[in-house]
Amino acid sequence: LPFTVLIRRSNTLGARNNTAVLVEILDYGVDGRPPEGKIVEILGDPLTAQVQIRMAIEQFELARGFPPRVEAEAERLQPLTEGDGHRIDLRHIPHVTIDGEDARDFDDAVAVERHASGFRLYVSIADVGHYVRTGSAVDIEAYRRGTSVYFPDLVIPMLPERLSNDLCSLVPDQDRPAFSAILEFNDRGERTGQEFSKSMIRSRQRFTYTIVRQILYDNNPAARNAHSSLLPMLEGAKILAGLLWRQRMKRGSIGFDIPEPEIMLRDDKVASIRRAERNLAHKLIEEFMLAANEAVAETMDRRKRPVLYRIHERPDPTKVEQFTETTVAMGLALPRFELSPAWFAGVVKKAENSPAQYVINNLMLRTMQQARYSPENTGHFGLAAEYYLHFTSPIRRYPDLVAHRALLNLLGQSGPDEEQPPVLPGGIGLDDAGLHLSRRERVSVDVERNTQSRLSCLFLLDHVGEEFDSI
């Protein structure tokens, strides 16, 4: 605020100077009289990480807890441990989850089978729709939030913990209801068939990206011996992921990689900020998720069923012209221009391992449109994909839950569109949902960047006077 708020002694809650507080305005003041307020909560020392994170949460008006009726509804839910007559039993398939060391929700499990003519990929996603019924209190709150928001050492989840960390989490050695995409590929990595079904699965192992990298890409003997029973499946996954990546690059998908910071906290201080690792195990899972998302999107589009697509429109030609001029000025010899994903992919390739790589990738990102959700399928420019939507993370993204419900309506063949069960609460239309959920995603991104900036400042307080190389 560009003015001082008067807090009378009786309204201070005993707060001391140099303390972050939350204030409620009691009187906005008139005729030069300052506004008056009362302290409703003492946050603490603003030079600590937790207080800065809390200040970011308050700045973006995020709800830190769930309304009591939502928590109560979630607590009443009962686990489904046996098939309900509409599920295929995939518990014999050696599914595994592969996530980061600090992952809090496990909503996707994968398995790969090799056969004479190619590969069968299972992408089994937590069946959130089984528990979260359209229009329920949990559903309305999840739609309002739109997405989970992640901080160092903290997550503000889209769904109550009873769902996100328990009923829907694909933990090892537990039977879990899932929605499975079973995709067939030939030995060139081209998709030749797909099937979708509700399922029951049983994850064999909770892998981290680090362990999978050690097993498949470092050929670490100890790691391979420890997981010898799953080695054939993982080796098949490695081969298939490589084929899928090559197919994607061939069609012109843009493969630029912007480094992300990983902030480590210790004792409420910022211990370090380093470049988050992205190894080949990350890319393996990424390829499988992309494949499932594309297969569901193509099925929905070809059958002309209503759903929210993840679209990425062509960049503005004026911005592309500015990008081209800047890139040439930095000494990069560009391929012959055409406004296509393949041209941008060629620029990324040219910049690879050059001193300008980081800058050019960032400038390219700013040249692009922002991806968004829409009921109109206009394709995904960055992925060079004709069909794309989000299906694989319904614990943390509401559009994925919409895709699950829409796909279930298609599989159920429950009659004409007007007789289909709703995929959104309260009569909300897909156009409005696309706008709302795209906005909620932007808020999530903005909160994370805001928090990174706050914590970077805290980290640098201990380094005043030092010099660093930077961009």
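Which residues of helix α2 (residues 68-76) are buried? In this predicted model, they are V70, E73 and A74. These residues cover an arc of only 100 degrees around the axis, which puts them on the same side of α2. On the other side of the helix you will find P68, R69 and R76, which are exposed. The buried residues of α2 pack against α4 (137-145) and α5 (161-167).

An α-helix has 3.6 residues a turn, so residues three or four places apart point the same way. The side chains of R144 and E141 meet in a salt bridge, one of 30 in the structure.

Here are some salt bridges to look up in the model.

| Pair | N to O distance | Relative accessible area |
|---|---|---|
| E36 and R8 | 2.9 Å | E36 15%, R8 45% |
| R54 and E41 | 2.8 Å | R54 12%, E41 27% |
| R144 and E141 | 2.8 Å | R144 43%, E141 6% |

The E36 and R8 pair links distant parts of the chain, 28 residues apart. R54 lies in helix α1 and E41 in strand β3, so this pair ties together parts that are 13 residues apart in sequence. Elsewhere, D89, R91, D175 and R202 are linked in a network of salt bridges.

Now for the nonpolar side chains. The largest nonpolar core has 88 residues, and L389 is among those with the most contacts inside it. Helix α9 (residues 280-302) gives the most to this core, with 11 residues. A second, separate core of 14 residues includes W343, V347, I360 and M368.

Note on methods:
Residues numbered from 1 in each chain as written. Predicted model: local features only at pLDDT ≥ 70, side-chain atom pairs only at ≥ 80, totals over all residues. Heavy atoms only, no water. Core = buried A, V, L, I, M, F, W, Y, C linked by side-chain atoms within 4.5 Å. Buried < 20%, exposed > 50% of the residue type's maximum accessible area, 1.4 Å probe, protein only. Helix = DSSP H or I, 4+ residues; strand = E, 2+ residues; numbered from the N terminus. Arc of directions from axis to C-beta. Contact = heavy atoms within 4.5 Å. Salt bridge = Lys/Arg side-chain N within 4 Å of Asp/Glu carboxyl O.
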